Amino acid sequence: MEMHSEILKPMAVLAAWTMFMWLWMYVTRILAMSKAGVDTGSLTGGTGKDLDGVIPDNIQWKAHNYNHLHEAPTVFYAVALALAFMGAGDGFNAQLAWAYVALRIVHSLVQATVNKVMIRFLLFALSSFVLIMLVAHTVMAAFAH
């Protein structure tokens with residue numbers, strides 16, 4: 001089955017952006033851990049959150065954002081695929097998807113650099129509103145058939 005839907009493009013871009021954030025997180029985190037004298041060879045268990053207060057906050061911000069890219073965006077991936085499969089992933093839905101991706105990328109950049117909470121909240125709220133619209137369109141398309 002061959003399928004082409006415009007909504008797959010922003011979905012692919014957000015997945016690529018998530019991997020960019022993964023790379024940025026690890027490059028900066030490994031350097032910071034080395035500088036802080038963290039003995040990575042003796043670390044057992046735990047999570048990346050355990051590095052809060054051990055390495056500089058501005059380094060951890062990238063990790064926090066990487067985690068955030070695995071929360072609400074998972075709903076985006078599901079609705080984008082559903083819209084594509086139902087033949088409703090073009091036009092306005094694709095435009096909404098691009099808006100969602102743009103807002104999430106800007107959110108990442110803000111959180112990973114200046115991390116101003118009110119700016120992050122505004123970007124998150126706007127992206128959530130766009131995602132809610134995409135979910136509503138997915139529900140409408142699913143029940144229209």
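Which residues does Leu 83 touch, not counting residues up to four places away in sequence? They are Ile 7, Ala 88, Gly 89, Asn 93, Leu 134, His 137, Thr 138 and Ala 141. Contact here means heavy atoms within 4.5 Å.

1. **Basis.** This is a predicted model, in which local features need pLDDT of at least 70 and side-chain atom pairs count only at pLDDT 80 or more, while totals for chains, interfaces and linings use all residues. Residues are numbered from 1 along each chain as its sequence is written, and side-chain values use heavy atoms, with hydrogens and water left out.

2. **Overall fold.** The protein has 5 helices and 0 strands. From the N terminus, the order of elements is α-α-α-α-α. Helices (H or I, at least four residues) and strands (E, at least two) are DSSP runs, numbered from the N terminus. Along the principal axes, the C-alpha atoms fill a box of roughly 60 × 35 × 20 Å. Of the 145 residues, 38% are buried. Buried means under 20% relative accessible area, exposed means over 50%, and partly exposed is in between (1.4 Å probe, protein chains only). Take the contacts with a separation of 6 or more: residues 24 or more positions apart account for 80% of them.

3. **Main core.** The largest nonpolar core has 28 residues. Such a core is a set of buried Ala, Val, Leu, Ile, Met, Phe, Trp, Tyr and Cys residues joined through side-chain atoms within 4.5 Å. Ile 7, Leu 14, Met 21, Phe 76, Leu 83, Tyr 100 and Leu 134 have the most contacts inside it. Helix 1, helix 2 (57-68), helix 3 (72-85), helix 4 and helix 5 each supply at least two residues. Helix 4 gives the largest share, 8 residues. In soluble globular proteins, nonpolar side chains tend to be buried together.

4. **Second core.** A separate core has 6 residues. Met 33, Val 38, Leu 51 and Ile 59 are among them.

5. **Helix 4 against helix 5.** The axes of helix 4 (residues 91-112) and helix 5 (residues 117-144) come within 9 Å and cross at roughly 155°. Axes are lines fitted to C-alpha atoms, for helices over the stretch in contact, and angles run from 0 to 180 degrees between N-to-C directions. The two helices are therefore roughly antiparallel. Angles under 35 degrees count as roughly parallel, over 145 as roughly antiparallel, 65 to 115 as roughly perpendicular and the rest as oblique. The contact includes Phe 92, Leu 96, Tyr 100 and Leu 103 of helix 4. From helix 5 it includes Leu 123, Phe 124, Val 130 and Leu 134. By class, the contact has 16 nonpolar, 5 polar and 2 charged residues. Ala, Val, Leu, Ile, Met, Phe, Trp, Tyr, Cys and Pro count as nonpolar, Asp, Glu, Lys and Arg as charged, and the others, Gly among them, as polar.

6. **Helix 1 against helix 4.** Helix 1 (residues 8-35) packs on helix 4 at an angle of about 10°, with the axes 9 Å apart. This pair is therefore roughly parallel. The contact has 14 nonpolar, 1 polar and 2 charged residues.

7. **Asn 93.** Asn 93 lies in helix 4. Its relative accessible area is 11%, so Asn 93 is buried. Asn 93 touches Ile 7, Leu 83, Ala 88, Leu 134 and His 137, again not counting residues up to four places away in sequence.

8. **Lys 9.** Lys 9 is in helix 1. Lys 9 is partly exposed, at 38% relative accessible area. Leaving out residues up to four places away in sequence, Lys 9 touches His 4 and Trp 98. Its C-alpha atom is 8.5 Å from that of Ala 94, 85 residues apart along the chain.

9. **Loops.** Asn 115 sits in the loop between helix 4 and helix 5. Asn 115 is not a glycine, yet has a positive phi of about 55°. At 14% relative accessibility, Asn 115 counts as buried. Gly 46 lies in the loop between helix 1 and helix 2 and is exposed, at 58%. Pro 56 is also found between helix 1 and helix 2 and is partly exposed, at 42%.
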